[in-house]
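This briefing goes through one structure by topic. Please have the sequence and the coordinates open while reading.

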Amino acid sequence: MNNFLQYCFGGSALGARYALVALGFVVIHRATGVINFAQGSIVALGAYFTFNAHQTWGLPFVVAVGIAVLGAAAVGVLIERFILRRMAGEPVFSVIMLTIGLLFVIDQVVTMVWGQDAQNLGDPWGIDTVTAGEIVMAVEDLWSIGLAFAVVAAFFVFFHYSGTGLAMRAVAIDEEAAMARGISVRRVVAVAWGISGAVAAIAGVTLASGPAALRPSVGLIALAAFPAMILGGLDSPFGAVVGGFIIGITQTLTAGYQPTHASWLGEDFQAVTPYVVMIVILMLRPYGLFGTKEVERL
Amino acid sequence: MTAILRGRDSANRAMLRDHLDTTALWRTGWRRAGLVIGLLVYIVAPLYLSDFQLTVVDYAGIAAIGAIGLNVLTGYTGQISLGHGFFLGAGAYTAAYVGGELDLPLPLWLATAALAGALVGAVIGPFALRLRGSYLAIITLGLVFIGQHVFENWDSVTGGLNGLAVTAPVELGPVDFAELDVAGHAFTRNGGYFYLIWGLVALVALLVKNLMRSRLGRAFQAVRDRDSAAAVMGVRLARTKVMSFVVSSSLAAVAGALYGSYQRFVNPDEFGLFLSIRYVAMIVIGGVATIYGPVLGALFITAVPHVIDAWSDRIPGVATQPGESGITVFALNQALFGVLIVGFLLFEPRGLAAVWARVKTYFQSWPFSY
């Protein structure tokens, strides 16, 4: 039982990180209908910005994270302004490929600037743990879960009460109608990319915290965040968080129980569980758990 | 005046005169001449290319078969797939098992690989019935990871993480492509394979070209252009989409089988997401929904890393020795790969095929520039 709870906690912490990455996808998808495959590399970029500001420039950690959030947001806005905007009206396939191309470029830039070696992000959480009952909880895991909830709460407030947030929802529902009401679609899309970059930086910090956890490959986790996003539905921030937690908990439970109970599934099966869960759920609900069904017009 | 007449003249030759003209494959004299030149190049190329160049061209030919396959699915039917690497892997492992373990002859292991690919495609295809666009892209991405897991763990067939030696025979009747000997001239293994691979490229290209002129091929394109409209016209969506997956994945499996046999070794690492992305890049850079586009793209994507490698000591800022400052050749290749995809999509979304078409139109309509 204690093992089970421990796995569930570990899974929630992992799920919170998936959720943070998935939230970045969702914001862009809601506003523009694009899936940004380069999100993972912006996650890595955000983590390295924090590293640079904290370790190289010696700024306090919180300030460093703030700089990283702003920096990653700026990168998001620049990508939209100079590259994605030119792809308006192109088929989904081309846009997906374009973001994959960006992924390769940004990944190599990160490696070029900061090198291949694993680094310490220098987060204040380190390897501290808190014990509640029999469960040992790492402080960085608690922070990840807290940050995921904080971000989704901020999203809720932003989308429901701020003018820009409402405009963004309007654009997501009907771009032309929103334009006719005087909403600047360009601005909304730029803001979406900015927010996505900012969330990516936070995700990057939670992923790279801990000893020697900052590597150029830190963004690869974005690939496992795809199932989280798909599971919740591509356009639902709440769904992204639920999807993240489902995927994270399933993954740690599989890692905990599969080797002894279903060893015929092979070694390291937990690495593919997110995709298995995703395929099963999509077969039952093609638009995810909370996604809106596409209306087919003839 | 003569210039204008000559312009008219060449335009006339391309004019359609009756129904047969619209269905002819090699309609104009130019095309027939091109066919003859292509055939000549095919025959003499292994005599003039160096062994290293032949390796590159051979790998490019294998990639061309796979890319033509992906183009059927993505270019002609409009279904996005990032799962092509898995289909290639399925073919490669089938070849390793049927050609190597069971020691069946070349036509049989190629056919079995194609069949295995078709089966896998038929299983995956139905997913496309419920999912579109981005959802389909991500589910096929999941497929690659699951497939790789199977390749790594099904030890008794795939050899697991250690990979598997492929000893499939490449003899067709009395001709052994691995030790080709024609009239006293002994070809290298790469030279022999060149004939096999590029012969198959031509065959596959002809096959797909003809398929696209058939009822099924037109159904593919109707589904791509608007699936609901196609359904209204009487195209059976389910059957058409699944067929597209079947054709595409069986061609991918043939490419995978050739790849395994040519490389003499298969390794589960190779059939991952990156391979899928490479194939998508080939059709994007070559030109979607054309026959020669994927071939150009395959040549281009395969050749670029080798060109970079050969010239790396002349490119400033590239480290060729360990410990030297600058970026590695690998990093440069990866970054360049990304830049090429982004550049082509932004500036030439129809790919190399569009460049070729533009050059052709320029000369056809000369001296008029429009």
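How are α9(A) and α10(A) oriented to each other: oblique or roughly parallel? The model is predicted, and the angle given below is computed from it. The helices pack at an angle of about 125°; angles of 65 to 115 degrees count as roughly perpendicular and those over 145 as roughly antiparallel, so α9(A) and α10(A) are oblique to each other.

**Helix pair in chain A**

- Helix α9 of chain A covers residues 221–232, and helix α10 of chain A covers residues 237–261.
- The axes of these two helices are 7 Å apart.
- The crossing of α9(A) and α10(A) is right-handed.
- On the α9(A) side, the contact is made by A:P227, A:A228, A:M229, A:L231 and A:G232.
- On the α10(A) side, the contributors are A:G239, A:A240, A:V242, A:G243, A:G244, A:I246 and A:I247.
- Sorted by class, this contact has eight nonpolar and four polar residues, with no charged residues.

**Contact between the chains**

- In chain B, 33 residues are in contact with 35 residues of chain A.
- Three helices of chain B, α8 (133–153), α14 (273–286) and α16 (329–347), each supply at least two residues of the side that touches chain A.
- Helix α8(B) gives the largest share of that side, with 13 residues.
- The side of chain B that touches chain A divides into 22 nonpolar, nine polar and two charged residues.

**Overall form of chain B**

- Chain B contains 17 helices and eight strands.
- The C-alpha trace of chain B spans about 70 × 55 × 50 Å along its principal axes.
- Of the 370 residues in chain B, 45% are buried.
- When contacts in chain B are limited to residues at least 6 apart in sequence, 75% of them join residues at least 24 apart.

**One residue of chain B**

- B:L203 is located in helix α10 of chain B, which runs over residues 189–212.
- Is B:L203 buried or exposed? B:L203 has 12 other C-beta atoms within 10 Å, and a residue counts as exposed at 12 or fewer, so B:L203 is exposed.
- B:L203 and B:Y59 are 144 residues apart along the chain, and their C-alpha atoms are separated by 17 Å.

Definitions and conventions:
Residues numbered from 1 in each chain as written. Chains lettered and ligands numbered in written order. Predicted model: local features only at pLDDT ≥ 70, side-chain atom pairs only at ≥ 80, totals over all residues. Helix = DSSP H or I, 4+ residues; strand = E, 2+ residues; numbered from the N terminus. Buried ≥ 20, exposed ≤ 12 C-beta atoms within 10 Å, placed from the backbone. Contact = placed C-beta atoms within 7 Å. Axes fitted to C-alpha atoms, helices over the stretch in contact; angles between N-to-C directions. Parallel < 35°, antiparallel > 145°, perpendicular 65-115°, else oblique. Left-handed = near helix turned anticlockwise from the far one by under 90°. Nonpolar A, V, L, I, M, F, W, Y, C, P; charged D, E, K, R; others polar.
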